[in-house]
Amino acid sequence: MTAPKVITIALLGVAGTGKKSLAQALSDALTQALASTPSTPLRWQITTDTPLQRLLARGGANVDSRSPELQEALAQQRRFDHSLLLGLDLAPSARALPMQSAEERGRMDTLLRRSLTQAEVPFQVIYGMGDERLKQALAAVSAQPTQAPSPRKPWVWACDKCSDPACEHK
């Protein structure tokens, strides 16, 4: 018998975005789904404590985007099958509220999104409340892991008269 494949899921987000509650709900839903199909050789590992998450929690929005520590955290983030980023649509929990202003939360969220995008770490943003948030997370993890987006080529003007972009027929 082959060992079950372990699907790794990282939940990322600013403090107070509901990572732990979503991790529990997602774990329960996946356990229930796997119980209904016992022959499926899959296991799930969900974490809210990645090196990237710890770095941001420690350094806040002041983390230097070129630091070797951030680059190593991003390299480790690439190893997850799914990276789910929790949006800022929920009001922060009472525990997180005194620690960060709305402006600081926005800066940290922007840093996290920019870092993941620039490092070409595929991620999905999860929004909504309660069941809607869980439904989005389940849809994201049931899909195949996404590939990093390929860089877009700039659009080039193509005229039926000539290919000169400075042409008056533009």
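Buried means under 20% relative accessible area, exposed over 50%, and partly exposed in between, with a 1.4 Å probe and protein chains only. Keep that in mind for the exercises below.

This is a predicted model, where local features need pLDDT of at least 70, side-chain atom pairs count only at pLDDT 80 or more, and totals for chains, interfaces and linings use all residues. Residues are numbered from 1 along each chain as its sequence is written, and side-chain values use heavy atoms, with hydrogens and water left out.

**Exercise 1. Find Gln 53 and decide whether Gln 53 is buried or exposed.**

Step 1: Look in helix 2 (residues 51-59), where Gln 53 has its place. Helices (H or I, at least four residues) and strands (E, at least two) are DSSP runs, numbered from the N terminus.

Step 2: Compare the value with the cut-off. Gln 53 has a relative accessible area of 10%, so Gln 53 is buried.

Step 3: List the contacts (heavy atoms within 4.5 Å). Leaving aside residues up to four places away in sequence, Gln 53 touches Leu 11, Leu 12, Gly 13, Lys 19 and Thr 48.

**Exercise 2. Work out which residues of helix 2 are buried.**

Step 1: The buried residues here are Leu 52, Gln 53, Leu 55 and Leu 56.

Step 2: These residues lie on the same side of helix 2 because they cover an arc of only 160° around the axis. The arc is that of the directions from the helix axis to the C-beta atoms.

Step 3: Turn to the other side of helix 2, where Ala 57 and Arg 58 are exposed.

**Exercise 3. Describe the order of the strands in the sheet.**

Step 1: The 4 strands make an open sheet with parallel pairing, in the order 2-1-3-4. Two strands pair if DSSP finds at least two bridges between them.

Step 2: At the edges are strand 2 (42-47) and strand 4 (124-126), each pairing on one side only.

Step 3: Now follow strand 1 (residues 5-12), which runs parallel to strand 3 (residues 82-86) and is joined to strand 3 by 4 bridges. Leu 12 is opposite Leu 85 in strand 3.

**Exercise 4. Classify Lys 5 by its accessibility.**

Step 1: Lys 5 is in strand 1.

Step 2: Its relative accessibility is 47%, so Lys 5 counts as partly exposed.

**Exercise 5. Which element has the lowest mean pLDDT?**

Step 1: pLDDT is the predictor's confidence in each residue, from 0 to 100.

Step 2: Among the elements of the protein chain, helix 2 has the lowest mean (84), and strand 3 has the highest (94).
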